[in-house]
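Grab a pencil and work through these exercises with the model open beside you. Try each task before reading its solution.

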Number of protein chains: 2
Amino acid sequence: MATEHTISVFVENLPGVLVRVAALFARRGYNIESLAVGPTEHPKYSRMTIVVGLDTSVDQVIQQVKKLIPVVEARELLSERERVDRELMLIKVKTGEGGRAEIREIAEMFRARIVDVSATALMIEATGTPDKLDALEANLAPYGIIELCRTGQVSLERGPTPITTHEGEL
Amino acid sequence: MATEHTISVFVENLPGVLVRVAALFARRGYNIESLAVGPTEHPKYSRMTIVVGLDTSVDQVIQQVKKLIPVVEARELLSERERVDRELMLIKVKTGEGGRAEIREIAEMFRARIVDVSATALMIEATGTPDKLDALEANLAPYGIIELCRTGQVSLERGPTPITTHEGEL
């Protein structure tokens with residue numbers, strides 16, 4: 001099984017930046033397992049968190065990503081011990097006969113929240129490491145999963161230091 | 001201010017699919033405000049949730065997205081009342097003198113969790129609508145935000161019906 005690499009990319013908000021970064025991975029045939037792009041502490045910049053699974057190093061592609069104009073910084077977040085990985089999942093499950101109480105119990109065990117209730121289904125919001133979300137999904141699968149949506153992983157390093165020291169640049 | 005459009009795209013996991021979808025938006029000069037790609041209920045498929053802000057309709061670009069080979073379904077999720085929007089944020093804040101207790105109190109009010117503690121900083125995990133995360137960030141800003149990372153919004157429609165009725169196709 002391929003190793004997972006978590007890459008954090010700090011970019012300027014410009015149309016096309018996402019395409020240019022993703023294209024560098026696609027050109028090498030790397031399959032992006034998850035990608036999350038959202039706002040940062042600076043309104044002009046976004047952070048992309050990319051997870052790719054492959055056996056070789058990702059150093060070369062990171063060097064290429066860094067050379068793109070709207071990219072301020074790109075780094076692999078190395079050790080799983082030194083970083084916090086989180087993902088969010090919305091999952092809609094069939095309640096069936098008597099299923100509702102059991103599903104609520106499973107949700108509680110995973111510290112997940114019921115966010116929508118209808119006659120035949122429940123929607124649950126859960127956060128955690130990707131592995132934890134996989135486990136929740138496996139526990140809910142017997143009831144019938146109607147659909148689910150996951151954000152992809154985001155990560156920050158533990159401790160007081162930021163990934164990107166951009167003070168001088170912004 | 002431009003209206004926000006939330007688009008849900010159900011795609012086959014193939015290298016390059018993300019680039020092809022994002023390129024359709026970039027070619028029209030649409031700036032993607034957030035994008036989240038993650039696994040779904042089917043191991044061979046991913047769901048992308050894309051938020052773009054613009055004044056015109058997004059129907060035309062959705063029609064183009066649908067024509068891409070690895071795309072199974074693409075739809076705008078229309079009414080904010082009829083859907084659940086969620087996003088996850090990791091945010092690292094300076095604690096300073098006496099700040100730690102106050103920051104913990106703010107985190108509690110937002111039902112957020114402390115996920116890392118160091119001598120001079122706290123890391124908080126929070127989920128909610130994008131607006132709620134903006135409000136949390138604004139409350140923490142006076143203490144000094146070291147860095148933050150957001151997943152981008154994901155959305156599912158309320159009620160028992162899935163966005164994609166793909167039973168026959170998978």
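Some ground rules come before the exercises. This is a predicted model, so local features need pLDDT of at least 70 and side-chain atom pairs count only at pLDDT 80 or more, while totals for chains, interfaces and linings use all residues. Residues are numbered from 1 along each chain as its sequence is written, chains are lettered from A and ligands numbered from 1 in the order in which they are written, and side-chain values use heavy atoms, with hydrogens and water left out.

**Exercise 1. The fold of chain A**

Work out how many helices and strands chain A has, and in what pattern.

Step 1: Count the elements, taking helices (H or I, at least four residues) and strands (E, at least two) as DSSP runs numbered from the N terminus. Chain A comes out with four helices and nine strands.

Step 2: Walk along the sequence, and the pattern reads β-α-β-β-α-β-β-α-β-β-α-β-β.

Step 3: Check the dimensions and the burial. The C-alpha trace of chain A spans about 60 × 35 × 35 Å along its principal axes. Of its 170 residues, 56% count as buried (under 20% relative accessible area; exposed is over 50%, partly exposed in between; 1.4 Å probe, protein chains only).

Step 4: Look at contacts (heavy atoms within 4.5 Å). Taking those in chain A between residues at least 6 apart in sequence, 73% join residues at least 24 apart.

**Exercise 2. Strand β2 and its partners**

Find out which strands β2(A) is joined to by bridges, in its own chain and in chain B.

Step 1: Start within chain A. Strands pair if DSSP finds at least two bridges between them, and β2(A) runs antiparallel to β3(A) with seven bridges. One bridge there has A:Met48 as the partner of A:Val37.

Step 2: Now cross over to chain B. Three bridges link β2(A) to the antiparallel β2 (residues 32-39) of chain B, and A:Ala36 is partnered by B:Ala36.

Step 3: Check the cover. Six of the eight residues of β2(A) are buried.

**Exercise 3. The interface**

Describe what chain A and chain B bury and which polar links they share.

Step 1: Size it up. The buried area, meaning accessible area (1.4 Å probe) lost by two parts on being put together and summed over both, is about 5,000 Å² between chain A and chain B, with carbon and sulfur atoms giving 60%. A:Arg113, A:Glu147 and A:Leu156 supply 12% of what chain A buries against chain B, more than any other three residues.

Step 2: Count residues: 60 of chain A are in contact with 60 of chain B.

Step 3: Look for salt bridges (a side-chain nitrogen of Lys or Arg within 4 Å of a carboxyl oxygen of Asp or Glu). There are six between chain A and chain B; in one salt bridge, B:Arg86 meets A:Glu125 at 2.7 Å, N to O.

Notes. A polar contact is a pair of N or O atoms within 3.5 Å; within protein, one must be able to donate a hydrogen and the other to accept it, and residues adjacent in sequence count only if both atoms are side-chain atoms.
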